[in-house]
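Please keep the sequence and the model in view while going through the points, which are grouped by topic.

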Amino acid sequence: MVLAAPRTLDLESLCELVNLRLAQLVPEGSPHGPSAAARHSLLAPGKRLRAVIALIASRSVGGRIEDALDTACAVEMIHTASLIIDDLPSMDDADLRRGMPTAHTKYGQDIAILAGIGLVNGAYEVLARASAPACDRRMEITQVLTRAVGWNGLVHGQALDLRADGSVDAIHEGKTGALFVAAAEGGCLCAPDYTEDDRRSMRAYGRALGFAYQAYDDVLDQACDEEMTGKTTGRDAGKRTAVIGAEASLGSGMMLAQRHLRTAMDAAGRSSPLAALAEYIGSYFSETLAA
C-alpha cells in the first residue's frame, strides 16, 4: 500500500531524484557479476526513506537539495548493502526483499557478498568525488557514515541480534537507528550555515525515528504476509528485536512506535518538514496494518 504524502514533502519527486542518481553511481558491469547484483538490490522499488531524510534535513536547515544528493545516495547505498548482508542464509536467510528475489537467491551467496562490499566502498567513493559540499564537510560526513556502519553501528547491532545479546534498544540503535542518525546528521552537514544545535536536533530526530521505524517494522513482520510487505516475513519471531515478543501484543508494539514517533517530531520541531515526514511514516504503517 502506498499513501499520498503531504504536498509539502513532495516525496515522489525526491525519490525520483534519488533513483536517477543511484542508477548513475553503480556500473552495469557483467550481467552475472557483483555490480549487477548490487544494481538488482539498489534499484529495486523502495521507499528511499533514509535518502529522503538526508535531503529534507539539509533543506530544513537552509541547505540545497542538489548539494545533499550524493550524501543521500551514499546513505542509501550503505543501507542496501546492509539488506543484502542481512538476507544471507547465515543471517536472516530471507529470499524476498522489496518484492523481488534477494541478491543471494538470484546471484548466489558469493556474488551477493561482493555486491555488499562494493556498495559500501562505492558509497565512500561517491562522497570523495562529490562536487558538494566542500571537502572538509564531505570528510566529516564520511566519518558520520563510517561510525554508523562500524563497531558501534550496523556491525554491532547485527552481531547483538544474531547472538540475542544486549537490550532491545541497543540492537535497534545499531541495526536501524545508527543509519537514520547518519542520514539526518549527514544531510544537516550539507547545509552551509547549520548550527551545532541543528546538528544535535538532527541526531535526536534520527535516533527516535529509527526506533519508531524498527518498532513498526517488527509489528509488520509478525502481522502481515509477504505479499503485503514485499519481503520475507516471520524472521524476527523469537528474536529480542521483535517488539511484540518483548511487549506481548501488537497494540503495545504500536504504542511504542508512536511514542518514539512523537519524540522524533518534537526533536525536529512540530512545524518542520521532518516532523511531517515522521507523521507520514506513522500513517503509512497504520494504514498498512489496517488493510
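Predicted model: local features only at pLDDT ≥ 70, side-chain atom pairs only at ≥ 80, totals over all residues.

Pro133 has its place in the loop between helix H6 (109–129) and H7, and a cis peptide bond, with omega at about -5 degrees, joins Ala132 and Pro133.

**Loop residues with positive phi**

- Arg48, which lies in the loop between H2 and helix H3 (49–60), has a positive phi of about 55 degrees although it is not a glycine.
- Is Arg48 buried or exposed? With a relative accessible area of 2%, Arg48 falls under the 20% limit and therefore counts as buried.
- Asp93 likewise is not a glycine and yet has a positive phi, here of about 50 degrees, and the place of Asp93 is in the loop between H4 and strand E1 (96–97).
- The relative accessible area of Asp93 is 40%, so this residue is described as partly exposed, a class that lies between the limits of 20% and 50%.

**The packing of H4 and H7**

- Helix H4, which covers residues 65–86, packs with helix H7, which covers residues 135–149, at an angle of about 15 degrees, and their axes are 11 Å apart.
- Why are H4 and H7 called roughly parallel to each other? Their angle of about 15 degrees belongs to the angles under 35 degrees, which count as roughly parallel, and the two helices are therefore described in this way.
- The crossing in which H4 passes H7 is right-handed, and the contact is made on the H4 side by Thr71, Ala74, Val75 and Ile78, and on the H7 side by Ile141, Leu145 and Val149.
- Sorted by class, the residues in the contact of H4 with H7 are six nonpolar and one polar, with no charged residues.

**Ser41 in helix H2**

- Ser41 lies in helix H2, which runs over residues 34–42, and because its relative accessibility is 12%, Ser41 counts as buried.
- When residues up to four places away in sequence are not counted, Ser41 touches Thr80, Ile84, Arg98 and Ala103.

**The cysteines**

- How many disulfides does the count give? The count comes to zero disulfides, the rule being that a pair of cysteine sulfur atoms must be within 2.5 Å.
- Cys190 has a relative accessibility of 3% and so counts as buried, whereas Cys135 is exposed, with a relative accessible area of 55%.
- Cys188 is found in helix H9, which covers residues 168–189, and with a relative accessible area of 0% Cys188 is buried.
- Residues up to four places away in sequence being left out, Cys188 touches Ala57, Ser58, Val61, Tyr194, Asp198, Arg199 and Met202.
- One of these contacts, Asp198, is ten residues apart from Cys188 along the chain, and the C-alpha atoms of Cys188 and Asp198 are separated by 7.3 Å.

Key
Residues numbered from 1 in each chain as written. Heavy atoms only, no water. Buried < 20%, exposed > 50% of the residue type's maximum accessible area, 1.4 Å probe, protein only. Axes fitted to C-alpha atoms, helices over the stretch in contact; angles between N-to-C directions. Helix = DSSP H or I, 4+ residues; strand = E, 2+ residues; numbered from the N terminus. Parallel < 35°, antiparallel > 145°, perpendicular 65-115°, else oblique. Left-handed = near helix turned anticlockwise from the far one by under 90°. Contact = heavy atoms within 4.5 Å. Nonpolar A, V, L, I, M, F, W, Y, C, P; charged D, E, K, R; others polar.
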